[in-house]
Amino acid sequence: MNDDLFFMRLALREARKGVGRTSPNPAVGAVVVKDGRVVGKGYHKKAGTPHAEIHALNAAGTKAAGATIYVTLEPCNHTGRTPPCSQAVLAAGIRRVVIGMSDPNPLATGGGDFLAGQGLEVTRGVLAEECAAINRPFVKYVTSGLPWVIMKAGMSLDGRIATHTGHSGWITNAQSRAAVHRLRNRVDAILIGVDTALADDPSLTTRLARGHGRDPLRVVLDTNLRLPATAKMLLQESAAPTWIFCGPRPDPAKVRALEAAGAVVKAVALAADGRLELTAVLRELAAQQLTSVLVEGGGSVHGAFLREGLVDEVNLYLAPCFIGGDGVPVVGPMGIDTVQGARRLNAMRTRRFGDDLLIEGRF
């Protein structure tokens, strides 16, 4: 069992190389081991390309015969854009298969049972929690039809994201901001409200060293299409598109102006309070095979997502300063009457970025 843990950790190390690049597929790593030695390894790099098992088996070559393969996710058992990995494992002559987590996708599951039925020794659930942790967006996407939602904010110790004048520049330090860009690099989309877009005129890009990052899709919630066609996010050089969600009857002239600037305008239904129906927005993103969304504000958008129970994970960067009660709160009104009714995080952890503190948690 100690060997299984050791080699599955190596497979996890492989899987992490693909995080943020495989959507809508999961990040998967595989390691082929023979006589206690790694003879092949690989990871899934991009949807539509060979899966982790194929890379590992190709690297192992003839040494795969009689070997053990460690896979962070159950080998797929169906033909999609690539052939079933279960058949490739069988054809390679693998003797034993060690699986981290079962495949939650009803279309692809069954690889473990198939291989066991062919006489291979199959061990399941090795480091299952760790294997599931790197694929929470994928699991939610295939089981609910919605993307994984991360609420992120940089704020003062008293929970403010801007001063009373609306100024919000550089609350957190450079280390925290660099961490945010690494987070953006792992998600499929960034979402903000139009008030934040108008106040900050953000670029919503991933500013990492050349070749180490890519821009996720930009999403703006803009019920009445107030975003100007001259917004920075529409004029910059970026491979990622900008989607603007509006109400069901947008002004045709505004739609034409924004589309001429390169935006994609999508109309969705309104909720009872006159705001955009957030679940409809998320379902549209999922329909485009986007499995993770980073919600970056502002406070009213954060409040709406929390109020409707649509946030899965929270990343709050706290700077060691106070802005005051007249500043802009990180979360807008939620209508909570008692402390017992508050939304409470679990699976908490904290990290330091210089003088800043990151609080991470899940609902």
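**Strands, sheet and a buried aspartate**

Tutor: Ala 189 has Leu 217 as its bridge partner in β9. This is a predicted model, in which local features need pLDDT of at least 70 and side-chain atom pairs count only at pLDDT 80 or more, while totals for chains, interfaces and linings use all residues. Residues are numbered from 1 along each chain as its sequence is written, and side-chain values use heavy atoms, with hydrogens and water left out.

Student: How are strands named, and which way do β8 and β9 run?

Tutor: Strands pair through backbone hydrogen bonds, either parallel or antiparallel. Strands (E, at least two residues) and helices (H or I, at least four) are DSSP runs numbered from the N terminus, and two strands pair if DSSP finds at least two bridges between them. Here β8 (residues 189-193) and β9 are parallel, joined by five bridges. β9 also pairs in the parallel sense with β10 (residues 242-246), over four bridges. In that pairing, Leu 221 has Phe 245 as its partner in β10.

Student: Is β9 enclosed or open to the outside?

Tutor: Buried means under 20% relative accessible area, exposed over 50%, and partly exposed in between (1.4 Å probe, protein chains only). Five of the five residues of β9 are buried, so the strand is largely enclosed by the rest of the structure. Leu 217, Val 219 and Leu 221 point one way, Arg 218 and Val 220 the other, and all are buried.

Student: Where is Asp 222 found, and what is the nearest side chain of opposite charge?

Tutor: A salt bridge is a side-chain nitrogen of Lys or Arg within 4 Å of a carboxyl oxygen of Asp or Glu. Asp 222 is in the loop between β9 (217-221) and α9 (232-235). Asp 222 is buried but has no salt bridge; Arg 226, the nearest side chain of opposite charge, is 4.6 Å away. A polar atom of the Asp 222 side chain lies 3.1 Å from the backbone nitrogen of Leu 225. With contact taken as heavy atoms within 4.5 Å, and residues up to four places away in sequence not counted, Asp 222 touches Val 194, Leu 227, Ile 244, Phe 245, Cys 246 and Leu 276.

Student: What is the strand order in the open sheet?

Tutor: The order is β2-β1-β3-β4-β5, with mixed pairing. β2 (37-43) and β5 (121-123) are at the edges, each with a single partner strand, so one side of each has no neighbour in the sheet. β1 (residues 29-34) and β2 pair in the antiparallel sense over six bridges, and Val 33 has Val 38 as its partner in β2.

Terms used
Lys and Arg count as positive and Asp and Glu as negative; His and the chain ends are not counted. A polar contact is a pair of N or O atoms within 3.5 Å; within protein, one must be able to donate a hydrogen and the other to accept it, and residues adjacent in sequence count only if both atoms are side-chain atoms.
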